[in-house]
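Subject: Structure handover

Hello,

Here is the structure we spoke about. Please have a look at it before reading on.

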Amino acid sequence: MTAGSSANAVGATHAPPTALTIAGSDSGGGAGIQADLRTFFACGVHGMTAVTAVTVQNSLGVEDFAEIPANVVTAQIRAVTGDMGARAAKTGMLATAEIITAVAKTLGDVGIGRDTAVPFVVDPVAASMHGDPLLREEALEAIRTELLPRATLVTPNLDEVRLLTGIEVTDAASRGAATDALLALGPQWVLVKGGHDTGPRCVDLLSDGTTHVELDGPRHDTPHTHGGGDTLASAVTASLAKGADVPTAVREGKRFIERCVADAYPMGGGIGPVSPFWRLDTEA
Ligand SMILES: Nc1ncnc2c1ncn2[C@@H]1O[C@H](COP(=O)(O)OP(=O)(O)OP(=O)(O)O)[C@@H](O)[C@H]1O
Ligand SMILES: Cc1ncc(CO)c(N)n1
């Protein structure tokens with residue numbers, strides 16, 4: 001019998017779209033690589049990973065982390081893009097300037113990011129929700145000068161906006177100034193997230209300097225928002241992998257994260273994770 005001639009041949013003929021996350025591991029399973037993979041799965045995308053760091057983390061905080069050697073990070077990117085191909089990619093925790101520099105160069109080599117056919121989302125993770133650092137201080141400049149010029153979209157929260165631009169967002173004018181300052185660093189689109197704002201609504205603002213989209217949703221009254229930023233960026237990346245344009249992908253991502261926050265669950269003694277399980281619930 002020749003290969004492939006079995007009467008019981010099984011398997012899908014069409015593979016799902018692929019998406020690559022370049023990020024750190026969260027041992028607690030709610031943020032980082034783990035959040036990205038469960039979001040990709042829930043969104044119908046095959047997730048691939050380049051692990052940048054291993055954190056020692058639970059619902060109470062980040063106790064420690066060890067970064068992966070930069071050449072091993074880039075080898076993971078080359079291995080999966082060269083063989084399986086990525087339809088979209090994102091970064092999360094990148095830990096050091098050395099890793100950021102190596103990742104930016106490799107993404108250029110393999111044709112991912114601005115001005116290529118493969119969209120690239122930068123979630124400029126600097127710290128955990130508990131305030132524990134996930135990025136060495138000197139690495140911010142590498143994000144500004146090496147990563148953001150490659151980004152199709154950057155998704156900072158209000159703390160990351162301040163770290164990257166020096167601008168404290170307090171009102172519409174400062175939010176506009178911060179968006180302009182971020183766009184000047186080179187990304188095609190900026191999404192300033194409003195999760196850390198106050199008020200009854202959670203408003204995120206998307207802009208490319210010409211088109212401005214306000215993404216407005218209810219603020220759910222829950223302390224359990226661990227992994228929210230990662231889950232939003234991954235859902236947007238999944239939509240981009242499926243062929244959506246940036247405003248559509250961000251709208252789909254916002255709808256996704258809003259449900260994930262609404263369904264977030266307590267776990268451990270601290271901050272529980274947002275939940276993508278609703279997407280898998282056939283009763284939902
Ligand atoms: N309580 C909430 N209710 C509804 N949506 C929320 C809530 N908190 C955050 N969000 C949404 O979740 C997404 C992530 O926003 P946020 O500003 O919290 O990012 P982040 O700080 O990077 O996340 P994290 O550090 O928790 O992973 C945004 O779309 C935001 O509007
Ligand atoms: C590994 C990792 N990446 C990102 C975050 C931010 O949510 C986290 N807490 N841990």
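Predicted model: local features only at pLDDT ≥ 70, side-chain atom pairs only at ≥ 80, totals over all residues.

Sheet

The strands form an open sheet of nine with mixed pairing, in the order S3-S2-S1-S4-S5-S6-S7-S8-S9. Strand S3 (61-67) and strand S9 (212-218) are at the edges; each has a single partner strand, so one side of each is left without a neighbour in the sheet. Strand S7 (residues 189-192) and S8 run antiparallel and are joined by three bridges. Val192 has Leu205 in S8 as its bridge partner. Lying across strand S6 (153-154), S7 and S8 is helix H6 (residues 172-183), which runs at about 145° to S7.

Ligand 1

There are 23 residues around ligand 1, and those that come nearest are Asn157, Lys193, Gly195, Cys202 and Gly229. At least two residues of this shell come from each of strand S8 (201-207), helix H7 (228-241) and helix H8 (246-262). By class, the shell has six nonpolar, eleven polar and six charged residues.

Ligand 2

Around ligand 2 there are 16 residues, of which Gly24, Ala31, Gly32, Met93 and Ser128 come nearest. Strand S1 (18-26), strand S2 (46-58) and H7 each supply at least two residues of the shell. S1 provides the largest share, four residues. The shell around ligand 2 divides into five nonpolar, nine polar and two charged residues.

Regards

Key: Residues numbered from 1 in each chain as written. Chains lettered and ligands numbered in written order. Near = placed C-beta within 6 Å. Nonpolar A, V, L, I, M, F, W, Y, C, P; charged D, E, K, R; others polar. Pairing = 2+ DSSP bridges. Contact = placed C-beta atoms within 7 Å. Axes fitted to C-alpha atoms, helices over the stretch in contact; angles between N-to-C directions.
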